[in-house]
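Please have the sequence and the model open while reading.

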Amino acid sequence: MASLRIKSIFLTLALILTVQRPLSTEGIGVNFGRNGDNLPSPQNVVGLYNKCGIKLLKLFEPSPDILEALKGSNIQVSLGVRNQDLQSLASTKEAANQWVNTNVAPYKGGVNFQWIVLGNEIIPGAQASFVTQAMQNIKDALTSIGLTDIKVTTSFYMQGLASSYPPSAGAFTNDVVNVMKDVTAYLHQTGAPLMVNVYPYFAYASNPKDIKLEYATFQAVAPVVDGELSYTKLFDAMVDSIYAALEKIDAKDVSLIIGETGWPAAGNDPYTSKENSGKGTPRRPNQAINVLIFAMFDEDQKAAGVEQNWGLFYHDMTPVYPLLSC
């Protein structure tokens, strides 16, 4: 069993990195979380992204030091807005203008912004009702300084589904369905994707009796059948449950970005290990999904256990997994 776990985490991350493909056709995307007191300098972080051919960096909130270091790098940047800022940004255009003038405008022409993401796992949540107006205000603020190509989106996670099994039964919960109708109508209007966090690890670790490790780690032989569709990957099934939920609110044309996925290297044995940690899905076989891995580094200031062990690299920039050519 131990050898299976050793093999499976490596294969899971390798498949996500090489088969699911990244946010750009040029390379992969990785989240840069900063909850650590021993992380490399911003300049060294940017250097490591370049060395490893990682073409997209996702920040959870504005960080002037890393944004300065990103100037001239041509790394594509997904910049997050803190959840607690959503109400203010939705309330007035002045607040949105100030946010953009503080966190985006100083880096215009030097940092390759691709997405501004309103909140992290904010739907479902207490701030969800502010999302659509905040997106509109931020988009208007970007347009006012000539940045018309940056997409503005938000972040959804699986707890916002009332059902996800089988995937075709995917549906939003009653408390978010109206929010999601508003959000997806805006995303459809602007051509922006919806960012979603999809973690097969959490589904597997919470229910190892019914979910096989092989299914959670891209190695299942016997498929899970849902009508005319067959699934050998829990990841695909989870993504398709979101597609099904979108279809039920007439939002089938809204595309997805996987904002976070990964597998922790330690912290919850036997489900975590270095070795446990795709193309389209059966429901959308011709629609490639862009993926950002969570995360670049282990973060020692997070809660002890699983939360500290999601990194592709240790704080000294040595690899946790031999996945990248760097």
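This is a predicted model: local features need pLDDT of at least 70, side-chain atom pairs count only at pLDDT 80 or more; totals for chains, interfaces and linings use all residues.

A pocket, as the term is used here, is an open set of grid points, on a 1 Å grid over the protein atoms alone, with protein on both sides within 12 Å along at least five of seven lines.

**Largest pocket**
- The largest pocket has a volume of about 670 Å³, and its lining is made up of 28 residues, with Ala 203, Ile 211, Tyr 215, Leu 234 and Met 238 lying nearest the centre.
- Helices H8 (200-206), H9 (213-216) and H10 (234-248) each contribute at least two residues to the lining of the largest pocket.
- Sorted by class, the lining of the largest pocket holds 18 nonpolar, 6 polar and 4 charged residues.

**Second largest pocket**
- The lining of the second largest pocket comprises 8 nonpolar, 5 polar and 8 charged residues.

**Nonpolar cores**
- The largest nonpolar core counts 102 residues, and those with the most contacts inside it are Ile 116, Leu 118, Ile 123, Ile 138, Phe 172 and Leu 194; H10 provides the largest share of this core, 9 residues.
- Once neighbours within four places in sequence are set aside, the contacts of Ile 116 include Leu 79, Val 81, Trp 99, Val 104, Ile 138 and Leu 142, and Lys 151 and Thr 153 are also among them.
- A second, separate core consists of 6 residues, including Leu 56, Met 195, Ile 257 and Leu 292.

Note on methods: Residues are numbered from 1 along each chain as its sequence is written. Side-chain values use heavy atoms; hydrogens and water are left out. On a 1 Å grid over the protein atoms alone, a cavity is a set of points where a 1.4 Å probe fits but cannot get out, and a pocket is an open set with protein on both sides within 12 Å along at least five of seven lines; lining residues have an atom within 4 Å of a point. Grid points are joined across faces, edges and corners, and a volume is the space filled by probe spheres set on the points. Helices (H or I, at least four residues) and strands (E, at least two) are DSSP runs, numbered from the N terminus. Ala, Val, Leu, Ile, Met, Phe, Trp, Tyr, Cys and Pro count as nonpolar, Asp, Glu, Lys and Arg as charged, and the others, Gly among them, as polar. A nonpolar core is a set of buried Ala, Val, Leu, Ile, Met, Phe, Trp, Tyr and Cys residues joined through side-chain atoms within 4.5 Å. Buried means under 20% relative accessible area, exposed over 50%, partly exposed in between (1.4 Å probe, protein chains only). Contact means heavy atoms within 4.5 Å.
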